[in-house]
Structures are given as C-alpha cells and as structure tokens.
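Open the model in your viewer and keep the selection panel handy.

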Amino acid sequence: GRREYELECDTIEEALEKLCKLPELPELADLVAVGVRKVCGARFQRRAITVSWENCTVELALDEGVLTGGGVDLPLREVEVELKTGSREQATLYAQLLAAKYGLEPEKLSKFQRATMLAEGLFCDGI
C-alpha cells in the first residue's frame, strides 16, 4: 500500500544518485541537495520465492538481520507477503492463512518506521 523503490547499489550515495533521476520522485533531489545524514537503517538478508495462489501472485520473503537507530541494533526476523499481481483481497487472505498456521503476528509499521523510532529513542509494539 505504499510506494517502494528497489535498486541494487554498493553505497547509499549511489542509490541516492539513481533515485534522484526517477521522474516519480521530483522532490528527492531538493532534499538531497540540502544534505543527507544517516539516521537509521536496516541490514538483512532476504530469501524470497514467488507464489501463485488463487487470483494473485505474491512474493513470500523471509528477512533476517537488524534494524539500526540511535546506536541500537535490534534483531529483525519477519515474513513478508508482497502482492505482485492480482487480487489484494486474495493476497491478504493468503497472509492471514500463513499467520494462523504458523502463529505469526501482523506488523503495521514498516522497517523504516521502526528504525526511525529506534533513532528517536522511542519503542513500539514489536520492538
């Protein structure tokens, strides 16, 4: 439900340069021009497969690593279901079935939101 851009880059500087060239992000170049500093982040390995189920195709990803912020590294282990094509309702149902079968709890906050809260010294459910 949110815009997400994925780029393969060796450094954050390289990623910012590429992102600033995207026509979908005209405001980013102005933000980068005033200066960027690292506040928080995430380092993780992702194992993913594409799953076709009912009227949708999803990426089922297992992420393991850490969220960083405010000098704290917090372990990260999560299962993510990302809709690639088809019905959002069916993708949601697939995620709910996985959660019920394996005792998983939904996380309403993105990795970025949780890492930002760490950087601000705030802690939320799930952290």
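**Stop one: a surface patch**

The model is a predicted one. V79 sits in strand 3, which spans residues 72-86. With V79, they form a nonpolar patch on the surface. Together the four residues L62, V79, Y102 and L104 have about 360 Å² of accessible area.

**Stop two: the largest core**

Hide the surface. Nonpolar side chains tend to be buried together in soluble globular proteins. Which residues make up the largest nonpolar core here? Select V51, C56, V58, L60, A91, Y94 and L98: these seven residues are that core. Colour strand 2 (56-69) and helix 3 (88-102) next; they are the elements that give two or more residues to this core.

Zoom in on C56. Leaving out residues up to four places away in sequence, C56 touches V51, L83, T85, G86, S87, Q90 and A91. Then move to a second, separate core. This one has six residues, among them C40, L76, A115 and L118.

**Stop three: out to a loop**

Select R37. You will find R37 in the loop between helix 2 (26-33) and strand 1 (40-53). Is R37 buried or exposed? R37 is exposed, because its relative accessible area is 68% and the exposed class begins over 50%.

Finish with a distance. Pick the C-alpha atoms of R37 and Q90: they are 40 Å apart in space. In sequence, R37 and Q90 are 53 residues apart. Q90 is also one of the residues that C56 touches.

Definitions and conventions. Residues are numbered from 1 along each chain as its sequence is written. This is a predicted model: local features need pLDDT of at least 70, side-chain atom pairs count only at pLDDT 80 or more; totals for chains, interfaces and linings use all residues. Side-chain values use heavy atoms; hydrogens and water are left out. A nonpolar core is a set of buried Ala, Val, Leu, Ile, Met, Phe, Trp, Tyr and Cys residues joined through side-chain atoms within 4.5 Å. Buried means under 20% relative accessible area, exposed over 50%, partly exposed in between (1.4 Å probe, protein chains only). Helices (H or I, at least four residues) and strands (E, at least two) are DSSP runs, numbered from the N terminus. Contact means heavy atoms within 4.5 Å. Patches are made of residues with over 30% relative accessible area and no salt bridge: like charges are joined within 9 Å, nonpolar side chains (Val, Leu, Ile, Met, Phe, Trp, Tyr) within 5 Å. Accessible areas come from the Shrake-Rupley method with a 1.4 Å probe; for residues, only the protein chains shown count as cover. A salt bridge is a side-chain nitrogen of Lys or Arg within 4 Å of a carboxyl oxygen of Asp or Glu.
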